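Please keep the model open while you read.

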Amino acid sequence: MKINIKPICKSSRLYKNNTAPVFIRLTQGRKVSMISTGVAVNPAHWDMEQNCIGDECPQRGELQQKVDAKMEWVNRQIAKLELLELDVTLDVITGNKFYCG
């Protein structure tokens, strides 16, 4: 089953410095998992339409690079599982289930 991958800014979870964490949201069927990117941005600097950090963010380049690196990591994990002909599930990608081969 296909896994949808999308970066999101969790503006409902504001930190004291008025920033919100950015997660990678994985959706498979009706199941949803989140992976932290380690990035936090001001929600006003998040582009909801493009699902990325907006141009007005002063540290856009550095922060967007971290988000992109985490997205690439997730895509590599999926590619590895497909190459090994293993089940590609959210539990395996997020580390909640391991295969011993």
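In helix 1 (residues 60-83), the buried residues are Leu-63, Gln-64, Val-67, Met-71, Val-74, Ile-78 and Leu-81. Buried here means under 20% relative accessible area, with a 1.4 Å probe and protein chains only. Helices (DSSP H or I runs of at least four residues) and strands (E runs of at least two) are numbered from the N terminus. This is a predicted model, where local features need pLDDT of at least 70 and side-chain atom pairs count only at pLDDT 80 or more, while totals for chains, interfaces and linings use all residues. Residues are numbered from 1 along each chain as its sequence is written, and side-chain values use heavy atoms, without hydrogens and water.

The buried residues of helix 1 pack against these elements (contact means heavy atoms within 4.5 Å), among others strand 1, strand 2 and strand 3:

| Partner | Residues |
|---|---|
| Strand 5 | 52-53 |
| Helix 2 | 90-93 |

Helix 1 runs at about 150 degrees to strand 3; axes are lines fitted to C-alpha atoms, for helices over the stretch in contact, with angles from 0 to 180 degrees between N-to-C directions. After helix 1 comes Glu-85, with a positive phi near 60 degrees.

Now to the sheet: three strands form an open sheet in the order 1-2-3, with antiparallel pairing; a pair needs at least two DSSP bridges. Strand 1 (4-9) and strand 3 (31-41) each have a single partner strand, so one side of each lacks a neighbour in the sheet. Strand 2 (residues 20-28) pairs with strand 3 over nine bridges, and Ala-20 stands opposite Val-41 in strand 3.

Key. Buried means under 20% relative accessible area, exposed over 50%, partly exposed in between (1.4 Å probe, protein chains only).
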